[in-house]
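Here are my notes on the structure you asked me to look over. Have it open beside you while you read.

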Amino acid sequence: MDSAQQLLRSQRDLLLKWTVDHPAPLLRWLRDAEVLSSADYLSLLERTPSNAVAMALEMVCAAEESCLKFLQVLSEVQDYYCSDLQVWVERHCTDNHTSKPLAPAKAKVKKSKGPIAKLFKSKSKGFNVTTEVQAEAEPKPRRSVKLTNIRVPIAAHKKTLLTRTEQLKCYSEGEAVASNSASHIEIRYTDLFVTEDDESVDSSQHEYFDLASRRARIYVHQACQRIRPCHLLSPRGTSGRPPKRVKVKGIAGIGKSAAVQRLVYEWAVGKNMREFTCVFDLRFRELNLIEAPLSLLELLGERFRYLKAVLPDLFTTPSSLLFILDGLDEFKSPLDWGGPDRDIHVGSKAQVSELMVALIKGSLLPEASVILTTRPATEAPKRFFQRCCVVLGFEEDQVKEYTLKFYKDGGVAEKVYNYILNNDNLFVLSFIPLYCYIICAAMAEYFSPGDRDVGDAKSLELNPPKTVSEVYFCYLFTAVKHHALRGSAGRCTPRSEVLSLAKQRLTALGKLAYENLLKKKIMFSRADLESFGVTAADLQSTFLCHILLPLREESVDMFSFFHLTVQEHLAALYCAVNLFSQEDIIQALDLWCFGLPAPSTTAAPLQNTDLNKDKLQSLQMFTRFFMGLIRARLAGQLDGLVDRPMERESRIPAGLGLWFRDQFKGGELTNRAALNLFHCLMEFQTKEATSVAAPEIRNINLFKMKLSAVDCAAVHYVLQFSPHKLRELNLGYSNIGNRGLNRLGPILHRCESLYLRYNCLDKRAAILEAAILKSSECQVKKLFMCGNSLGPEGVLELWSALEHNSTVEELYLDITGITERGTENIVTCLGRNTSLKILTVVGNDIGEVGRRRLRELEQRRPGLRIIANFVDDLGLLQAYLDWVEEIRADRDQMDSVKNADALQSVLKGLRVAGEDVENGQNAEKAKELRANIEALLRSSGNVIKGGRVK
């Protein structure tokens, strides 16, 4: 018997011929069998199919063991390839359990327990190699005719899905792959942060800010609930049943579609969800094209025509079927979730909306599995799903992984990642995969090897982008320059010339984006495009997702901007180049920020606008883009797009500063509106304007706003231009973390009342705050740091800082993890302090020694009131009662700031108070507080420490 090496070397050309059309399954299985290393596998994916297979065979043939594994793998993946290869496998790879050569002509297949259930049962793992074949007996694959009839369409289905899903589309790169970017799904795809969803969040705000809020609440506190997308259908725990209906929600660009694309790819390549015989992936934006009633069989038969003949057989075992329904938010038909269930089966004709509702609710094919993706604002009642998840994008490690995968040049990848890491604005945006892609695509222009552009001295290209609007404009410019102009602009063409060449198309596209943004419209027909003068042939590959799907013998084109923020940015660009005076800009800001209709004007963006105030929050990102682009226009960076200069251009920054000052001066702004204005000023990046507006800001209340580091950067950017102290900065329950606090650090010494309660801070935050208290410029009088894990090391730093501080009068350190050790220097340091009047340390386990030190401190400082027990102060008890009631009404808080642990600390503090709780003057309030906390913990499923849940 010849060796496997000899066999493969002699048959190399045939194997290459048979596998070259679909190398993905072979290469992936070879990697998983450790025949190919991960590095070799990823390297092969970047090569042409013929080159990849040829090199793989060369690597395999280096060792006999690798050749044997190759034959085993080939037997596993033979269904992906032609019948000639399947015959070859039967001829050369025999089952170890067979005592004599194959007799394929009379081979029998053991009857399956069900028509489909064992269709893809793995073949035997052991092989012998045979190179001699009886000439008179031409072998055929050992399969029954019926199984073969089903296998062939399923194999065709898998090959089609592989072709469709193996590339992650690069929008700015068009159909081709950019020279410095790797787009194969195995190379670029990065796992997402997915967690269980409680659906208790208000989704009325712009999706990006809702995401930031949600991330802030659960990023740190729900590590145990994180779910890999490939485990969406996995049982909960060891004894749970797999969920049949799963909802996955997340904002646009967060990676929902990429995640399900990866799932489909993994199934098609045979490496995931192998319990399913068939996976049907349907996109709602494609289902919009169906108008006439039809049955599920007809729908799937048209969508997957190669499966049409075997669909009846597949539906005999519905538990082996998986439906992936992507993008419910893009479905234009209303969905009746509350109506009575109709008797719909796979052959019943109905409107496509009825079919989808029945499939999702489980009244149609209840045994089948369904994964639904949608954006947060779209209704899909939780009661119909056994698992609801929310996609939160990347974590820091995944940002790095994605960036390193994005570029073929590792040196470029490292430079880009370091730049992102050191720029908070970009870093926080990069947690959203689509933003991360846009940032990477934009940055490639600056960090790639080769000559840099020259020309316009004012060009943004002189420095990498730093603000959000700069990043998007850089991305847009790169896309236009390298793709949309199709070679008419070279690498060294000045910016103004490039923009001039693209002016007509960008103006038309921007007008389309703006007018439909005001209507919250994101899907467009070909007629919509033509009405705005947009030529799909010119722009579809760069800016629009072109959908052309044959359904029921019809061809319909639908378009959309590939991400909401791209539509917002193009809309802002249109407005920035079509407003020509300070008055126009101010009227526009009044309209977009506050819903105030513009008086009579000739400015195109302000004519015929009908904007409801309930849509204003959805325009926040758009207004930020607009301010960034106004700055770009004033700097000459939009030359080539504008027809004429601004009127009295030099006076505009000061005039806009006065407008912002007037908004802050009234003091009637909502928290969210004020934060948006901070961002607008940061995007404007004009000292002249911010210096006029900032002095009017004396109080900032962002309580429960769930701020990101970028939000903190915006607050810092504005306040750095104010010479005045801030009466109050309330960031309670904002979850800013140490990173956010660091961004605010330079202005915190000017805050008279500083509220930092429950912000996921630790001892590093205490060290930062201690440095502020030591500063000779410190003006802080009240400092609230309750509910942060400062620990003994952190509070020791605070006591030391207060020794010489002469401004702080009230310090609140409830539930901050102070232990006995954390009181070691409290007597010495605070005994010398002369300004502190109130100190609260309730909810901390300081022990008997700690309490003795507090009594000693009281003797040294008779003017200092120390509240160490909850029963010491009636107002404190009432405040905690109100807090407990607030948590009861808003259960999302239980996860947001570890309130369950905080409540346990309060209970422990009440017990420590002992007799005072039973007999003191505040006994009734203390008992009420204890009872309410215990009831809340029981209802949340938390075990009461130190007691027993009845």
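1. A definition to start with: rings of Phe, Tyr and Trp (its six-membered ring) are called a pair here if their centres lie within 6.5 Å, and planes over 60 degrees apart make the pair edge-to-face. Keep in mind that this is a predicted model. By that rule, the structure holds 27 aromatic pairs.

2. One of them is worth a look: Tyr514 with Trp592, at 6.1 Å centre to centre and 75° between the planes, which makes the pair edge-to-face. Tyr514 sits in helix α21 (residues 495-518) and Trp592 in helix α25 (residues 582-594), so this pair ties together parts that are 78 residues apart in sequence. Tyr514 counts as buried, with 2% relative accessibility, and Trp592 is buried too, at 1%.

3. Other aromatic rings gather in a group. Phe394, Tyr402, Phe406, Tyr407, Tyr437 and Tyr475 make up one aromatic cluster.

4. Arg495 lies over the face of Phe477, 4.1 Å from the ring centre. Arg644 does likewise over Phe580, at 3.9 Å from the ring centre.

5. Now the overall picture. The protein chain comes to 40 helices and 18 strands. Of its 950 residues, 58% are buried. Counting contacts in the chain with a separation of 6 or more, 77% are between residues 24 or more positions apart.

6. Which helix is largely enclosed by the rest of the structure? That is α30 (residues 709-719): 11 of its 11 residues are buried, so the rest of the structure largely encloses this helix. Among the buried residues are Asp711 and His716, along with Cys712, Tyr717 and Leu719. The cover over α30 includes the helices α18 (424-429), α28 (671-684), α29 (687-693) and α31, plus the strands β12 (699-701) and β13 (726-730).

7. Helix α31 turns up again in a helix pair. How do α31 (residues 737-748) and α32 (residues 763-774) pack? Their axes are 10 Å apart, at an angle of about 0°. Angles under 35 degrees count as roughly parallel, and α31 and α32 are therefore roughly parallel to each other. On the α31 side, the contact is made by Asn738, Leu741, Asn742, Gly745 and Leu748; α32 brings Arg764, Ala765, Leu768, Glu769 and Ile772. By class, the contact has five nonpolar, three polar and two charged residues.

Definitions and conventions:
Residues are numbered from 1 along each chain as its sequence is written. This is a predicted model: local features need pLDDT of at least 70, side-chain atom pairs count only at pLDDT 80 or more; totals for chains, interfaces and linings use all residues. Side-chain values use heavy atoms; hydrogens and water are left out. Rings of Phe, Tyr and Trp (its six-membered ring) pair if their centres lie within 6.5 Å; planes under 30 degrees apart count as stacked, over 60 as edge-to-face and the rest as tilted. Helices (H or I, at least four residues) and strands (E, at least two) are DSSP runs, numbered from the N terminus. Buried means under 20% relative accessible area, exposed over 50%, partly exposed in between (1.4 Å probe, protein chains only). A charge sits over a ring if NZ of Lys or CZ of Arg is within 6 Å of the ring centre and within 35 degrees of the ring normal. Axes are lines fitted to C-alpha atoms, for helices over the stretch in contact, and angles run from 0 to 180 degrees between N-to-C directions. Angles under 35 degrees count as roughly parallel, over 145 as roughly antiparallel, 65 to 115 as roughly perpendicular and the rest as oblique. Contact means heavy atoms within 4.5 Å. Ala, Val, Leu, Ile, Met, Phe, Trp, Tyr, Cys and Pro count as nonpolar, Asp, Glu, Lys and Arg as charged, and the others, Gly among them, as polar.
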